[in-house]
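This report covers fold, core and charge pairs. The structure comes next.

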Amino acid sequence: EEPSSSALLENSGVAVKFADEGNEDGLLDMDDYTTSICESDQFSSTTESEGQHQQTPTTEQQPKMDDEWGDIEGMNWIKMTFELQCVDAVLSVVCKMLSTESTSLRQKVQAVMKQLRDDSITTSPGDHVQEQFRILKDELKEMEARVQGLVRAMNNILDDDEDMALMNLMRIVTHPERFIQPVSQEILNEESDEPELILEAYMQQALSEVNALELLRGNIMNT
């Protein structure tokens, strides 16, 4: 029985068509069959490769995204509100400025004091050195007044829980019911806790500068 003029052969998921044209026996030429199988394998490999290539970015991006979120969550972010960060920044700059000027003044005073001692051994100190020493003593008094003024200002705020509580501007907006007068002492203690910590930290720095200046003033008096 003659084979039909057209038949389908399923091989490796590819339909191979027999045709009487060019093949009198109705059989598939082996060269054509081999070429078809090679093309089928190549097409399958290409399809799988493209599929893997398309999936690779998703697989690689997901761990990368997880790592980025892990880095963000692991960072030590400042949890203070914006207004308290501003207070912290201002006090930090002020204390740094006073500390730098105080250190510079101590170095100048020590240099002049050394010069006075050296001159007193050989000859009497010159008028220029004595005048410079008097100027530095006036600068020391001014510096002490500035540092002590900062200490007094912070002490005044630390003594008033309501002032410290009202420094939490964001809390006033988000929780206005907690600030309706009269405010209980318990709420004031809770709301003033974080500002108090900031002020006390910079109070310690200011007091250390006061002690250093007082020590310097004592050295000047003994010269």
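## Terms and model

Contact means heavy atoms within 4.5 Å. By that criterion, and not counting residues up to four places away in sequence, I220 touches V109, M113, F133, K137 and L140.

The model is predicted: local features need pLDDT of at least 70, side-chain atom pairs count only at pLDDT 80 or more, and totals for chains, interfaces and linings use all residues. Residues are numbered from 1 along each chain as its sequence is written, and side-chain values use heavy atoms, with hydrogens and water left out.

## Fold

The protein chain has seven helices and two strands. These are DSSP runs numbered from the N terminus: helices are H or I with at least four residues, strands are E with at least two. The order from the N terminus is β-β-α-α-α-α-α-α-α.

Of the 223 residues, 22% are buried. Buried means under 20% relative accessible area, exposed over 50%, and partly exposed in between (1.4 Å probe, protein chains only). Among contacts between residues at least 6 apart in sequence, 67% join residues at least 24 apart.

## Core

The largest nonpolar core holds 30 residues, and V109, M154 and I220 have the most contacts inside it. Such a core is a set of buried Ala, Val, Leu, Ile, Met, Phe, Trp, Tyr and Cys residues joined through side-chain atoms within 4.5 Å. Helices α2 (82-122), α3 (127-158) and α7 (193-221) each give two or more residues to this core. The largest share, 10 residues, comes from α3.

The buried residues of α7 include Y202, E209, L213 and I220. S102 sits in helix α2. S102 counts as buried, because its relative accessibility is 0%. Leaving aside neighbours within four places in sequence, S102 contacts M143, E209 and L213.

## Salt bridges

The structure holds seven salt bridges. Each is a side-chain nitrogen of Lys or Arg within 4 Å of a carboxyl oxygen of Asp or Glu. One pairs E209 with R106, the closest N and O atoms being 3.8 Å apart. The pair links distant parts of the chain, with E209 in α7 and R106 in α2, 103 residues apart. E209 is buried, at 13% relative accessibility.

E131 and R134 also pair, at 2.6 Å from N to O. Both lie in α3, three residues apart, about one turn of the helix. E131 is partly exposed at 38%.

R178 and E190 meet at 2.6 Å, N to O. R178 lies in the loop between α5 (169-174) and α6 (185-191) and E190 in α6, so the pair ties together parts 12 residues apart in sequence. Salt bridges that share partners join R171, R178, E190 and E191 into one network.
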